[in-house]
Amino acid sequence: MILRLHGVIRGAVQGVGFRPFVYRLARELALTGWVQNTPQGVLVEADGARDSLNNFVLRLKLDRPPRSFIQSFEFSYLDPAGYTSFEIRPSDTAGSKTALVMPDLALCEDCLRELFHPADRRYRYPFINCTNCGPRFSIITALPYDRPNTTMREFTMCPACRHEYEDPLDRRFHAQPNACPVCGPQLESWDPHGTVTARRDEALSAAAELLRAGKILALKGIGGFHLMTSAADEDVVRRLRKQKHREEKPFALMFPSLEQIRTACAVDGLEERLLQSAEAPIVLLRRLEGSSSLVCDSVAPGNPSLGVMLPYAPLHHLLLHHINFPVVATSGNITDEPICTDEREALHRLGGIADLFLVHNRPIARHVDDSIVRVLLGRELVLRRARGYAPLPVTLPAPVSDTLAVGAHLKNTVALARGSSAFISQHIGDLETPEAYNAFRETIEGMQTLFDGHPATIVSDLHPDYLSSAYARTRPERQITIQHHVAHVAACMAENELTGPVLGIAWDGTGLGTDGTIWGGECILAQQGHFRRLGSLRAFRLPGGDRAVREGRRAALGILYELFGETLFTRNDLLPVESWTPAEQKNLHRALAQHLNTPVTSSAGRLFDAVAAIIGLRQRSGYEGQAAMELEFAAGEGNAPPYSFDVQHSTDPWTIDWGTMILEILEDRTQAVPASTIAARFHATLAAMIVDAARRAGIERVALSGGCFQNRLLTELSVRGLEGAGFRAYWHQRIPPNDGGIALGQIAAAAFTGDLTRQE
Ligand code: ZN
Ligand code: ZN
Ligand code: FE
C-alpha cells in the first residue's frame, strides 16, 4: 500500500546541503514528493511503500550531511497525494512568521563526547549543552528566545563561554543556555531538611551511593523532579509505591545504555530510533520472556511491557554512567499532582519520600513531564505529549481566528490556535487538585505570552462541571462548547488531514453527551461541517457513577442488571454479585431499581471494566484503565472468533447491542473456558462491531479515537478488520488518542463547523 509521509525537520538543517541530501535519498528509495525550506523548518512530503518510507526515516538521521543536526523530526503517515516525481521546491519565506519555541532536546553526541573527555573544559559538567541540544521550552520565559528571556539570565557568561557564544563558527554560537563550570549552574545535594550535604561532583557521587544503598533520590532534571531508586531492589520500589500513594501503576525506567535495555526488552528499529531521538521519550517496550535481574516485579506488576528511556540530560548521563544499572525514574509528585519543579517546593512536597535531593540552581520555568510513546502498527503513537514534543504545533487545514481550547478534565492539555498552527501544551494532568488547577492556569498564561496569543474565542468541553469548563466561563471572550467525543473524532481527523466525510469511532471512559447521559461508545459522522451521532453502544446504568472508574464490578452489575433486570439479585452464580456483601447487594439493588446515583452510560471503557469483572480478572482497580489493560494482556496476540452481537437499527442513533455477547461470555465462564480465550474473543467482537458500523454508515474513511485506542490489540484488530473489508482506517500518531488530544480536537471541531472562520 502506498502512503504519504508528511514531516517537519527542525535543527541545523538549513544551509548545510540538507535539501539536496533529502532529494538524493528520496530518489534512491524511489519516493515521489518534495522538500522545502520554510520559516518553520524543512518540510518534506514523500509518497511511497511503507518499507521505503521507514527506510527513509531511519536514513535521514543516519546518513545526514556533516554539520547538519536534527533537533526534532515530527512526522506522520497520511493518504498518498499522487506525486509523480521528487523535487526541491523553492524556499517559502512568506509562510507563518509565528515564532517557533523549540522543545527541550536530549544531549547531543558532540556534547556527550566532551562530557566524558578529561581534557575538555566541561569534563563532567552536568549542564553542558550547545546549539543542537539542551533545555529550551523548560527555561524560556518570553520571546524572543534570548538569554535574558530564559532562566539562565542570572548567570553571566565567562570570557571563554562568551567567545563561543559570539563566534558564528562555533557549535555554541547563540546557544542561550551556554555555560561551564566557571560561570554556570552547579549541583548540590541536600538532606530532607534542605541542608547542603555536598557540592558539585561530590554531590553526584553521594547520589550514586544512595541509589546503590537502596534509597530514594529526588533529582532535579530538565522539566521537573524525578524520584529515582534502583530498579532491581524490590524493597525500595515497594517503599516508593507506598509513599507516593501509587499502588500498582507501572513505573518508568531509565537505563544506562541501549545494550542493557536489550537484556530486558525487545527493541525493533523504530523503537531504537525513538529511544535515541532528541525527543528521548519513555518508550513502551515488550518485556523479554523470563525475568530480568535488573528489574524487580514491583516496577510494573503483571505488565508485559516496560516504559523505558535513556539518559537525556548530561546529569542523567553522569549518574547512570556512575551506577551502571537501571533506575526507576518516576515523576516527582504524589499520585497525579503536577511534577515538582522548584527545589524548595520539592523539599516540602517530596520530603516524606526522598532520602536525598540532588538539585541545582538553574530554575525551571515550567513543568514538562517525560513524554510516553509506543509503536503501534509500525508507527509511533504518542500517549503523553510533553518533553521533546511540546509546544510544537499541528497544522490545521485552513487558518482560523485566534482561539484557546482548554481541554477536558483528565490528562488535560490546552491548545492555542494562531493562523494555521495549533500549538499544543505539554501534558498538565488530571484537574483534580488545586496544584493541577494552578498548573493549568499557568500553562494557559505561559502559552499566551510565548505565542503572543489574544484569543477571540475560548473552546471548552460540553461538561459544565469540569474545572477547565469553569475556567473558560471566567474569560470574557466568546465561548464555544464542544461535545467530548466530537472533539476526539476531530483530533484524529486533524492529524490525519481528513476533511470528511469520515466515520469517527470515539470510544473511551466518559464524556457528557448532548442528551445529558454519559457517552463513551460513539459512532459519529463528520460531513459537510456537521457532526452527527449515527450509532452508539447499548446504554446501561452505572451504580455509584464515578466510583465505577475504580470498581469494574459496578459496571458489571449495571450491565447484568440491564440484561437480567430484577432476577439478577436472585442469582448467586455471578462473580460481580458475589463480590458484595448481602447488605451492599441490597443497597445496590435499590439504587438500580429506583435510579439513585446510577447515571446512564454508553461507555466502551466501562464495558471493558465490566467484562474484566464478569470473568473474574479484576473487581477493583488501582488506577483508571487497569482492568481494561489486564483484559488486553490476558488476550495476548488474540486471534479468536468474535462472539455474537446485535444491532437495533430502528433507533436513532442505532444501538450496538452487546447483550448476546455477554450471555455467551457467561456461558463460556460456566464451561470454564480460560480467561485468555474470552478476552481475545471479546476484543475480536469489539473490532467486528466497528467494521459493522462502517458498513452500516457506508463511509469509506474511519477514524479511531478515544482512550480505548491506547489498547494495541483493539486498534490492530479494528484497523485490520476495516482494511480487510475495504475501508480506510485512521488512528492517532503524534496526538494522544486519550483526553490529551481533546484540546486540539476542540479547535479542530470548531473549525470544521465553521465557528472559527477568520474575519479579515
Ligand atoms: Zn550539544
Ligand atoms: Zn563559562
Ligand atoms: Fe475521552
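This is a predicted model: local features need pLDDT of at least 70, side-chain atom pairs count only at pLDDT 80 or more; totals for chains, interfaces and linings use all residues.
Local features need pLDDT of at least 70 and side-chain atom pairs count only at pLDDT 80 or more, while totals for chains, interfaces and linings use all residues. Residues are numbered from 1 along each chain as its sequence is written, chains are lettered from A and ligands numbered from 1 in the order in which they are written, and side-chain values use heavy atoms, with hydrogens and water left out.

Let's start with the zinc ion (ligand 1). Its protein donors are Cys108 (SG), Cys111 (SG), Cys130 (SG) and Cys133 (SG), lying 2.3 Å from it. Donors here are N, O and S atoms within 2.8 Å of the metal (3.2 Å for Na, K and Ca), and water is not among the atoms, so sites may look incomplete. Along the chain, the zinc donors follow the spacing C-x2-C-x18-C-x2-C. Cysteine 111 sits in helix α3 (residues 109–115) and cysteine 130 in the loop between α3 and α4 (159–166), so this pair ties together parts that are 19 residues apart in sequence. Helices (H or I, at least four residues) and strands (E, at least two) are DSSP runs, numbered from the N terminus. Cysteine 111 and cysteine 130 are both buried, where buried means under 20% relative accessible area, exposed over 50%, and partly exposed in between (1.4 Å probe, protein chains only).

What makes the zinc arrangement tetrahedral? The four donor atoms subtend angles of 104 to 119 degrees. Four donors count as tetrahedral if all angles lie between 85 and 135 degrees; four count as square planar and six as octahedral if opposite donors are over 155 degrees apart and all others between 65 and 115; anything else is irregular.

Now for the iron ion (ligand 3), which is coordinated by His484 (NE2), His488 (NE2), Asp508 (OD) and Asp739 (OD) at 2.1 to 2.2 Å. The angles among these four donor atoms run from 88 to 171 degrees, and the site is irregular. Histidine 488 belongs to helix α13 (residues 484–495) and aspartate 508 to strand β21 (residues 502–512), so the two tie together parts that are 20 residues apart in sequence. Histidine 488 and aspartate 508 are both buried.

Strand β19 (residues 457–461) pairs with strand β20 (residues 478–482) in the parallel sense over five bridges; pairing takes at least two DSSP bridges between the strands. Serine 460 stands opposite threonine 481 in β20.

Finally, look at glutamine 71 in strand β4 (residues 69–78). Is glutamine 71 buried or exposed? At 10% relative accessibility, glutamine 71 counts as buried. Its side chain reaches the backbone oxygen of threonine 131 at 2.6 Å. Glutamine 71 also touches several residues, among them Arg10, Met102 and Ala278, not counting residues up to four places away in sequence; touching means heavy atoms within 4.5 Å.

Notes. A polar contact is a pair of N or O atoms within 3.5 Å; within protein, one must be able to donate a hydrogen and the other to accept it, and residues adjacent in sequence count only if both atoms are side-chain atoms.
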